[in-house]
Amino acid sequence: MILQTETLDPEVYRALEDVVGPENITDEPAILDGYCFVWGNLMICDDEFGTRPPAVVLPGSTAEVQAIVKVCNKYGLKFRAHSTGFSPNAIYAPEPILPIDLRRMNRIIDIDEKNMIAIVEPYVSIGELVIEGMRKGVRCHVIGAGCSAGVIPSCTSLGGTGTTNVSTGYAGRLPLAVEWVLPNGEILRLGSLGTGAGWFTGDGPGPSLRGVMRGFGGACGGMGIFTKVGVKLSPWYGPPEIEVTGQSPSYLTKVPESIKVITASFGSRDDIFEAMRELCEEGVSYALSRRGPFTMIAAMTKSNEETYDMVQATNFMEENAHALNLLLDASSPREMKYREKVALSIIEKYNGTIFPETPEGESARFVHAWMGAGSIKGVFRASGASGVGAPTAEESLDLVKRVNELGYGIKERYAKEGSCLDDADPTWVTPFEHGATGAHCEMAIRSDVMQPSIRQAMRELITECEDKVVEKKFALHLYEGCMRTDPNKETHDTAGPECLNYHVWLRKLKKAFDPNLVADAYFYTMPED
Amino acid sequence: MSLKDYELDMRGCTRCSYCKVIPHVITKHKEFSTVCPSIAKYNFHGYSGGGKLIAGLALLRGRIDYSDKFLDMIYQCQMCGACDVSCKNVRDMEPYEVLLELRTKCVEDGQLVPAHMLVIDGLKKEDNMMLEKKAGRGNWAEGLNVKDLTKDKAEVLFHAGCRYSFDEGLWPVARTAVKLLQRAGVDIGIMGSQETCCGGRAYEMGYQGELTKYADHNTDNWKAAGVKTVVTACADCYQAFKVLYDKIGKKPEVEILHITEYLDRLIRAGTMKLTKEVPMAVTYHDPCHLGRLAEPWINWNGTRRYTMGGLYIWEPPREFRRGANGVYDPPRDIIKSIPGIKFVEMDRIKEYAWCCGAGGGVIEAYPEFAAWAAAERIKEAKATGAEALVTACPWCARNFKDAVAETGDKIKIYDITELVEQAI
Amino acid sequence: MDDNYGLIEVVDAKNIFDDPETLQQYSKDMSFVPPVRPRCVVKPQSTEEVQRIVKWANDTLTPLVPTSSGIPRFRGDTIPSVGGTVIVDISQMKKIIRVDRRNRVAMIEPGVTFGELSPALEKEDLAPFMPLLPRRSKSVVASYLEREPITTPSHHWDSQDPLLCLELILGTGDLFRTGSATGPGTIEEQWAVGRAQIRPMGPSQMDPARYIQGSQGTMGIVTWITLKCKILPKIKKAFFVPAGDVENLIDCTYKILWKRLGDECFILNAYNLACILAENGDNIKTLINELPPWVLFWSTEGTGLFPEEKVEYQEAELRDVAQSFGLEPVPSVGGTAAVDVSDLLLRPSKEPYWKLRLKGGCHDIFFMTTLNKTPEFVKKVRELAESHGYLSRDIGVYLQPTVQGTNCHCEFSLSYDPQSLEEVTKVKEIDTAGSRVLANSGGFFSRPYGPWVDIAYGPSAYTVIAQRKVKDIYDPNGIMNPGKLCF
């Protein structure tokens with residue numbers, strides 16, 4: 001029996017078709033199923049497929065996006081836009097909503113290397129902007145999801161943690177001016193864009209509406225659609241192109257002279273965290289993170305068998321139980337000399353030893369920092385399309401260390417039961433802005449979530465992590481409410497009362513800016529009345 | 001194999017979109033980063049490799065049924081394999097095999113593309129994919145004074161292929177190929193009007209039976225003819241003989257070479273000397289069937305199991321074909337050995353070459369899409385500053401030639417053999 | 001005092017002032033905003049008192065204007081726009097609640113000035129990020145809430161910096177905190193688990209600190225903030241890079257910003273530098289002639305494990321950069337050592353406030369732009385001034401790259417004698433006409449005071465609508481500083 005699902009009223013379909021043209025709208029089920037399928041769905045709804053949408057549209061311009069949103073308002077049709085769609089927050093919906101696929105809006109409008117601003121449309125990926133920026137001596141942030149993720153959603157709509165946070169800052173702090181189609185179909189141009197002055201700031205006049213656009217977490221589509229963003233860039237001191245040799249899947253990148261890859265192993269969690277703290281104070285890092293040894297192995301091997309062999313047959317896991325992945329960058333040889341001296345001294349101070357990376361290892365660390373190209377291998381290849389990140393927290397390194405300890409303790413139990421990968425401590429820790437605004441931690445757990453019993457165990461793990469994190473006053477729930485785990489209840493209902501009832505204010509914002517409640521808010525919030 | 005055998009691959013797609021682009025680490029320009037013509041033209045996610053994997057799973061689960069639009073989505077795809085090699089840069093999956101099984105299932109279930117039905121009908125009757133009469137198959141070789149292997153014996157068989165046999169505009173290339181080999185003293189013959197299709201293109205359209213039929217027929221004929229080597233100037237045929245026949249358990253006992261491999265050998269051995277200057281800036285297009293799809297087949301039989309609580313491994317260990325071992329160096333070496341040539345590479349090369357647009361039944365059923373893809377490649381060729389785009393496959397050549405005729409572009413389209421001829 | 005206020009039930013009587021002298025003081029400031037007398041001034045001493053005041057104001061629909069800096073004030077944002085306003089002066093809330101060296105953060109109440117903060121931070125080997133020589137009475141909280149630029153662009157990651165989290169009483173009377181300070185747990189509970197209120201974004205999917213900042217007290221009253229601090233340098237070196245024309249400094253500055261080189265980095269013209277260096281007005285005119293027309297001021301602070309080496313290599317880098325543009329860093333100009341200026345920059349301005357030294361009055365026109373456009377703005381302002389009979393050589397120019405060079409604060413200071421009606425009128429006219437010309441040329445008045453409101457909001461109607469939606473949520477009765485911005 002073929003699955004029958006909700007379709008659009010022909011009048012609504014026609015109204016949307018009038019906006020985008022017949023070739024840019026469809027209600028073909030075979031195509032629609034591609035818009036409700038994404039990794040992570042299994043954990044949410046026990047099915048790789050979420051709810052099939054009634055249609056999908058492909059706008060080609062801001063005017064078309066605005067027109068679509070107005071149609072949605074007119075007919076009460078919920079919508080959610082996405083870029084590359086590489087997240088359940090982009091794709092999963094428990095009820096039929098209209099996905100707005102922004103693939104056709106894919107221009108890098110300008111890279112202003114002097115003022116270090118890139119103006120991009122929603123489908124521009126991190127990888128594309130990295131490549132184009134290098135030629136001009138600039139680079140963008142690199143999000144944890146990696147190079148295929150969109151630049152705009154990574155800094156406006158979900159989180160913002162990535163490999164370069166220590167030197168670029170948290171991605172959520174990087175949008176400057178924004179062209180924003182609000183849920184009611186009006187266009188808001190933030191900051192200097194609103195007066196026609198340019199793209200250089202998103203704040204003002206007076207209060208900054210960037211505070212409505214997103215918080216620590218983005219609105220995941222629940223506050224409309226960002227059609228152009230001026231993104232703050234950082235300097236790139238390397239060559240305009242990177243030399244790559246070898247062949248897939250093990251490309252070897254030539255680490256440029258302006259970058260130094262240092263992997264250091266520490267004897268304890270205390271030591272590695274102190275080393276990170278002090279490296280932050282020195283402000284010498286291009287990329288700085290603690291990554292689990294298994295993730296490091298996965299990123300540098302060409303197959304799971306090779307990963308397994310390396311885990312079993314070498315001491316890599318033990319030697320890198322507390323491994324620091326540090327990359328330095330420098331605009332001159334003398335600067336590099338200084339930075340290297342500082343880094344090595346700190347490592348020595350905290351009893352760290354430099355781990356002698358193979359060319360494959362060094363390349364893997366560089367590629368991961370440079371454009372996040374190791375993310376898929378490191379996270380998804382091992383267990384095939386599953387990754388769970390819990391617990392998470394973003395605050396001081398001292399707090400993050402406690403969360404790390406808590407999470408690892410919980411995970412060890414589940415690993416011993418065989419419910420998830422027994423891979424030592426897989427927690428990823430990365431500071432923001434040389435530690436000045438804290439650090440992020442996230443424990444990436446790999447398991448065979450295709451097995452219902454394992455899925456259930458992982459849900460219990462996540463719940464246990466979340467509950468303990470809040471109970472101990474460490475942090476809010478996963479990504480501050482963005483990663484919803486209960487289909488029947490918003491995370492905000494549990495988190496809000498712990499945090500001065502922020503959810504009440506958040507709901508008022510939603511109601512004010514989306515009076516018809518058409519910007520789908522499954523991963524955001526809905527007003528109570 | 002069947003679609004069901006690839007269920008884990010389909011379920012394992014993360015929707016990362018790597019299948020749409022060349023690996024980011026080797027991308028040089030955003031403009032030339034997309035690798036999948038289908039998604040580039042049609043934009044809906046379903047047109048990408050990953051999108052078709054999802055559709056395959058949906059079909060398997062009874063979520064969707066066949067429809068015209070569904071068939072369009074499956075068949076508006078050159079089966080170029082780019083999504084497959086891009087995905088395999090980071091995952092151990094077989095997207096290409098899923099796409100193939102989807103087509104096979106369509107055919108088995110009687111869901112046929114009318115244009116393909118026509119061509120396959122012609123194939124069954126006349127043993128070629130060109131809707132031509134088989135009697136005329138050998139006409140391209142008139143006056144060549146080459147051995148007829150239905151009557152004679154030779155060490156080497158030159159297999160023209162359907163496109164070269166019946167596309168008069170491309171006859172000079174096939175003729176040049178034979179003449180070059182003859183001049184080098186190769187003991188060469190052809191099957192003439194007795195030559196038949198390789199079965200490769202039909203296989204890609206989902207007609208697996210045709211491949212099996214022609215595999216048996218061709219390998220029997222080669223045995224009967226006593227040849228030791230089969231050389232072809234058609235990339236499709238090369239891939240069919242070298243890879244597909246092995247895949248279906250009918251690996252030929254003869255050596256299979258593409259003309260570029262043969263010429264490269266002759267040049268290295270000093271038997272063929274390229275001495276005349278050909279002052280031209282050229283760029284080279286890697287045909288899919290000579291490049292990523294021509295990587296030797298890996299026969300593997302095993303299982304997947306989970307270890308360490310969350311890591312799956314293959315037993316026995318499994319090698320994946322990621323496209324890097326196609327025929328890339330011989331054509332380049334030939335070009336570089338031509339005096340006076342200035343060789344410039346495009347961004348998307350070797351296993352990440354942008355498809356010319358002709359494969360997978362697209363030129364037959366969706367000629368506009370084929371033309372569009374060719375035009376995109378020509379844009380990339382022009383961006384290098386080259387005066388000529390050189391290739392090594394008649395399907396690529398035909399599609400490029402038609403595209404430049406349409407657009408009025410000045411860039412010349414050559415087969416490698418034509419350049420070699422100019423250099424002798 | 002009128003018993004009908006009811007305020008006396010809410011605030012200790014000794015903290016309520018309605019004598020004519022006090023009311024006069026709060027009715028105006030050094031801006032050209034028309035004076036309006038408040039009804040009274042209250043000076044709460046605690047968050048609880050502030051909350052009681054705001055709740056009372058909601059009950060009685062009494063407008064409130066918060067202020068935390070002492071006089072002289074300059075922007076007009078703390079002058080009531082309507083009659084019957086109660087000024088809430090929180091300058092006496094002066095606690096430095098916590099200084100956390102490990103996390104390089106401090107938590108302070110609104111009445112703390114830079115002069116009070118610096119010594120407290122120094123005890124913990126820290127220092128504040130300073131705006132350019134704030135006046136002695138300037139509140140740190142006010143400075144950061146106003147988004148005043150700091151002199152160290154390499155440490156300025158976002159326009160919100162150095163502000164991190166804040167606690168405030170919203171216009172509704174509710175207490176709220178922002179960023180990671182929101183929760184879970186009380187502040188003390190957060191400290192107990194190692195949290196330091198250093199994550200500015202949030203809570204969750206909103207970022208109230210961003211719209212509290214820049215709101216001129218129209219959303220609520222801030223009762224404490226956490227702020228980023230820098231490490232106290234062990235050694236410091238400073239240089240001037242002089243030039244005849246501001247154009248000559250632009251590309252050099254861009255290169256310095258691109259290399260994230262050094263700490264303090266800003267451009268001044270001779271006039272402004274003279275005002276900073278001179279102790280009184282008489283010296284200023286002499287000094288102007290001795291100083292180069294323009295200087296880029298740059299410093300490097302040696303901190304960490306190898307402070308001397310850091311300073312040494314950074315100096316060498318600066319020389320290379322400057323020389324590549326045909327410029328030369330020098331340790332002193334006009335007899336003044338850069339390192340002495342550097343010392344001045346660590347503290348608030350000495351009295352009299354440096355901007356008032358020449359004539360006793362000063363009006364700033366400032367806006368945001370990008371550094372490459374500043375020379376054209378300099379030219380425009382000079383032309384404007386001359387066209388109004390104001391000597392352009394008497395205009396101070398301060399160009400401060402911000403957000404690590406992504407944008408630039410562009411400030412013009414026009415001195416005048418407040419006793420001279422002619423001079424006051426001239427400067428007023430230049431401001432009114434000039435701000436419009438500058439906005440039309442691409443200057444963004446991100447901090448709209450007085451007449452700038454119209455030009456800031458005029459072109460963007462939907463910004464007004466959107467900001468009003470936020471205002472309606474946080475101050476539904478419209479009691480918080482009504483008449484300011486677009487409210």
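Trainee: Okay, domain bounds come from an automatic or database domain assignment. What is chain C divided into?

Mentor: Keep in mind that this is a predicted model. Chain C is split into domain 1 (3-89), domain 2 (96-231), domain 3 (235-345) and domain 4 (359-450).

Trainee: How many Å separate the centres of domain 1 and domain 4 of chain C?

Mentor: The centres, taken over C-alpha atoms, are 30 Å apart. The two domains of chain C are in contact: eight residues of domain 1 meet six residues of domain 4. On the domain 1 side, four residues are nonpolar, two are polar and two are charged.

Trainee: And what is chain A divided into?

Mentor: Chain A has domain 1 (10-101), domain 2 (108-235) and domain 3 (249-481). The C-alpha centres of domain 1 and domain 3 of chain A lie 35 Å apart. Four residues from domain 1 of chain A and eight from domain 3 of chain A make the contact. The domain 1 side of chain A has three nonpolar residues, one charged residue and no polar ones.

Trainee: Switching to whole chains. Which chains have the most contacts between them?

Mentor: Two pairs of chains touch, and chains A and C have the most contacts. That contact takes 80 residues from chain C and 80 residues from chain A.

Trainee: Which elements of chain C supply at least two residues each to that side?

Mentor: Among them are β10 (220-231), α7 (247-258), α10 (307-324) and α15 (461-474) of chain C. α15(C) gives the most, with seven residues. By class, the side of chain C that touches chain A has 36 nonpolar, 27 polar and 17 charged residues.

Trainee: And chain B? How many residues of chain B are in contact with chain A?

Mentor: 51 residues of chain B contact 65 residues of chain A. α1 (7-12), α3 (49-60), α4 (68-75), β7 (303-307) and β8 (311-315) of chain B each give two or more residues to this side of chain B. The largest share comes from α3(B), with five residues. The side of chain B that touches chain A holds 24 nonpolar, 16 polar and eleven charged residues.

Trainee: How far apart are the nearest C-alpha atoms of chain B and chain C?

Mentor: They are 23 Å apart. Chain B and chain C do not touch.

Trainee: Sheets next. In what order do the five strands of the open sheet in chain B stand?

Mentor: The order is β1-β3-β2-β4-β5, and the pairing is parallel. β1 (147-148) and β5 (255-258) of chain B are the edge strands, and each pairs on one side only. Helix α12 (residues 235-247) of chain B packs on this sheet and touches β2, β4 and β5 of chain B. The direction of α12 makes about 160 degrees with that of β5(B).

Trainee: How many bridges are there between β2 and β4 of chain B?

Mentor: Four bridges, in the parallel sense, between β2 (residues 156-159) and β4 (residues 229-232) of chain B. Look at B:V156: B:T229 in β4(B) stands opposite.

Trainee: Now chain A. Is the pairing in its five-strand open sheet parallel or antiparallel?

Mentor: Antiparallel, with the strands of chain A in the order β5-β6-β10-β8-β9. β5 (108-112) and β9 (187-189) of chain A stand at the edges with a single partner strand each, so one side of each has no neighbour in the sheet. Neighbouring strands of this sheet are turned against each other by 10 degrees on average, direction ignored.

Trainee: What is the bridge partner of A:D112 in β6(A)?

Mentor: A:I117. β5(A) and β6 (residues 117-120) of chain A run antiparallel, with four bridges joining them. Helix α6 (residues 126-134) of chain A packs on the sheet and touches β5 and β6 of chain A. The direction of α6 makes about 45 degrees with that of β5(A).

Trainee: Last one. At what angle do α13 and α14 of chain B pack?

Mentor: Helices α13 (residues 259-269) and α14 (residues 329-336) of chain B pack at about 50 degrees, with their axes 8 Å apart.

Trainee: Why call them oblique?

Mentor: Angles of 65 to 115 degrees count as roughly perpendicular and those under 35 as roughly parallel. The angle here is about 50 degrees, so α13(B) and α14(B) are oblique to each other. Their crossing is left-handed.

Trainee: Which residues of α13(B) and α14(B) meet?

Mentor: B:T260, B:E261, B:L263, B:D264 and B:I267 in α13(B) meet B:P330, B:P331, B:D333 and B:I334 in α14(B). Sorted by class, this contact has five nonpolar, one polar and three charged residues.

Note on methods. Residues are numbered from 1 along each chain as its sequence is written. Chains are lettered from A and ligands numbered from 1 in the order in which they are written. This is a predicted model: local features need pLDDT of at least 70, side-chain atom pairs count only at pLDDT 80 or more; totals for chains, interfaces and linings use all residues. Axes are lines fitted to C-alpha atoms, for helices over the stretch in contact, and angles run from 0 to 180 degrees between N-to-C directions. Angles under 35 degrees count as roughly parallel, over 145 as roughly antiparallel, 65 to 115 as roughly perpendicular and the rest as oblique. A crossing is left-handed if the near helix is turned anticlockwise from the far one by less than a right angle, and right-handed if clockwise. Two residues are in contact if their C-beta atoms, placed from the backbone, lie within 7 Å. Ala, Val, Leu, Ile, Met, Phe, Trp, Tyr, Cys and Pro count as nonpolar, Asp, Glu, Lys and Arg as charged, and the others, Gly among them, as polar. Two strands pair if DSSP finds at least two bridges between them.
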